[in-house]
Amino acid sequence: MTRRPALTLPLAASRRAAKRAYTVVELMMALALFAVGATGVLAMQRVTIESNTHARDVSTANRIGAAWLDQLRLDATMWNHPSELDPNSDLADTLWLKSVATPAVWALPNPVYYQKRDWGAAFDALGRPVADPTSDAVRFCAHLRLAALSPASSAYGRIRATVRVVWRRAGADQTVPFCTADSVATVSQASSLPNFHFVYHTTVIAEQTAPRL
């Protein structure tokens, strides 16, 4: 009976190492799983970034809308002449409220930018006023709709003021204007909905009656 020689230590170690090694198929499967997982992570990162950007834009647009209502209330302090001795209205002395129209339509604020208050229709990405509404820095635009709720002859007038803050959707056509006088009617059409986001703020502004003289 012959006895097989015992394996030398180097040969036995090399065979054990060969059994523990990965095959090409296993490596390819691992790489495929890694690629699928990385694609999912990158997709989630993109969704997270877009969601955060949209949330920030909505917050900025709401602040602009609320600030515009404050500006209109401040404007109403000039609409204060009627009294028992003088029932005539001085709505014409206001800055923006005098643009009230019947029927009410969407329009840019007139004036579009008022330097003394550093306030107007156009705003940058941080919500800061921009003097030139056609500038590339414009991210948001405020449109106004002023509707008279009482007859012009009334001594106690009421105006419904609605502010619409507009900004472009992600991936929208960047060449479509939205902060010029000619573009306001276009933005209001249903065909423009895929290109813009909107935030609305509304209030009723009352004529400030003067005390008895």
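**View 1. The right-handed disulfide of cysteine 141 and cysteine 179 in the predicted model**. The angle about the S-S bond is 75°, which gives the link of cysteine 141 and cysteine 179 its right-handed label. The sulfur atoms of these two cysteines lie 2.2 Å apart. Because a disulfide is defined as a pair of cysteine sulfur atoms within 2.5 Å, the pair qualifies at 2.2 Å. By this rule the protein has 1 disulfide.

**View 2. Chain positions joined by the disulfide of cysteine 141 and cysteine 179**. Cysteine 141 belongs to strand β5, which covers residues 140–148. Cysteine 179 sits in the loop that runs between β6 (158–168) and α3 (184–187). The two cysteines are 38 residues apart, and the pair links distant parts of the chain. Is each of cysteine 141 and cysteine 179 buried or exposed? Both are buried.

**View 3. Proline 194 in the loop between α3 and β7**. The strand at the end of this loop, β7, spans residues 196–206. Proline 194 has a relative accessible area of 55%. Exposed means over 50%, so proline 194 is classed as exposed at 55%. Alanine 170 lies 24 residues from proline 194 in sequence. In space, the C-alpha atoms of proline 194 and alanine 170 are 9.8 Å apart.

**View 4. Lysine 98 in the loop between α2 and β1**. Helix α2 covers residues 24–75, and strand β1 covers 113–114. The relative accessible area of lysine 98 is 46%, and the residue counts as partly exposed. Which residues does lysine 98 touch, not counting those up to four places away in sequence? They are Leu91 and Ala92. Alanine 76 is 22 residues from lysine 98 in sequence, with a C-alpha to C-alpha separation of 9.8 Å.

View 5. Read from the N terminus, its elements follow the order α-α-β-β-β-β-β-β-α-β. The protein has 213 residues, of which 31% count as buried. Of the contacts between residues at least 6 apart in sequence, 62% join residues at least 24 apart. The accessible surface comes to about 13800 Å², and carbon and sulfur atoms account for 60% of that area.

Note on methods. Residues are numbered from 1 along each chain as its sequence is written. This is a predicted model: local features need pLDDT of at least 70, side-chain atom pairs count only at pLDDT 80 or more; totals for chains, interfaces and linings use all residues. Side-chain values use heavy atoms; hydrogens and water are left out. Helices (H or I, at least four residues) and strands (E, at least two) are DSSP runs, numbered from the N terminus. Buried means under 20% relative accessible area, exposed over 50%, partly exposed in between (1.4 Å probe, protein chains only). Contact means heavy atoms within 4.5 Å. Accessible areas come from the Shrake-Rupley method with a 1.4 Å probe; for residues, only the protein chains shown count as cover.
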